[in-house]
Amino acid sequence: MLYAERDEQGNITSLSHTPQSEQAEAVSLQEPAVTEFLTDKDNRQALHDLLKATDADLARVTEDLIDVLVEKGVIMMTDLPEAARQKLITRRQARLSLSELIVDPDDLIL
């Protein structure tokens, strides 16, 4: 999801991955005003920032896709290059460790 800030004339002045103010509105990447904003030479940094902000999300989608393909037997982990397997294993272990640190407030005894 993208969020846009607009000026008084309705022109997009900024895009972000999360709402930056109460005036931010959800917009589609296919919206002509978004395309115009992103293709403007002066807004190249905004496009770079947007891509950078979505990199982690896309990495997670890729991990989930690989997990589904392995679960369904479409591919095997050994089909992947060793370096890719190691990166996936490292990320999976990091996520598992992080999830073990997060405590559900309902489990706390007050």
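Begin by selecting R85, which counts as buried at 18% relative accessibility; buried means under 20% relative accessible area, exposed over 50%, and partly exposed in between (1.4 Å probe, protein chains only). This is a predicted model, in which local features need pLDDT of at least 70 and side-chain atom pairs count only at pLDDT 80 or more, while totals for chains, interfaces and linings use all residues. Residues are numbered from 1 along each chain as its sequence is written, and side-chain values use heavy atoms, with hydrogens and water left out.

The side chains of R85 and E82 meet in a salt bridge, 2.2 Å from N to O; the term denotes a side-chain nitrogen of Lys or Arg within 4 Å of a carboxyl oxygen of Asp or Glu. E82 is partly exposed, with a relative accessible area of 42%. Both residues belong to helix α3 (residues 82-101), where being three residues apart separates them by about one helical turn. Helices (H or I, at least four residues) and strands (E, at least two) are DSSP runs, numbered from the N terminus.

Next, select R6, E25 and E31, which salt bridges with shared partners join into one network. R6 is paired with E25, their closest N and O atoms being 2.8 Å apart. This pair links distant parts of the chain, since R6 lies in strand β1 and E25 in strand β3, 19 residues apart. R6 also forms a salt bridge with E31, at 2.7 Å from N to O. Here the link runs from strand β1 to the loop between β3 and α1, across 25 residues. R6 is partly exposed at 28% relative accessible area, E25 is partly exposed at 33%, and E31 is partly exposed at 24%. By this rule the count of salt bridges comes to seven.

Now move to E5, also in strand β1. The side chain of E5 makes a polar contact with that of S21 at 2.7 Å. A polar contact is a pair of N or O atoms within 3.5 Å; within protein, one must be able to donate a hydrogen and the other to accept it, and residues adjacent in sequence count only if both atoms are side-chain atoms.

Finally, select L2, A4, I12, L15, V27, V34, F37, L38 and L50, the nine residues of the largest nonpolar core. Such a core is a set of buried Ala, Val, Leu, Ile, Met, Phe, Trp, Tyr and Cys residues joined through side-chain atoms within 4.5 Å. α1 gives the most to this core, with three residues. Within the selection, centre on V27: leaving out residues up to four places away in sequence, V27 touches L2, Y3, A4, R6, L15 and V34, contact meaning heavy atoms within 4.5 Å.
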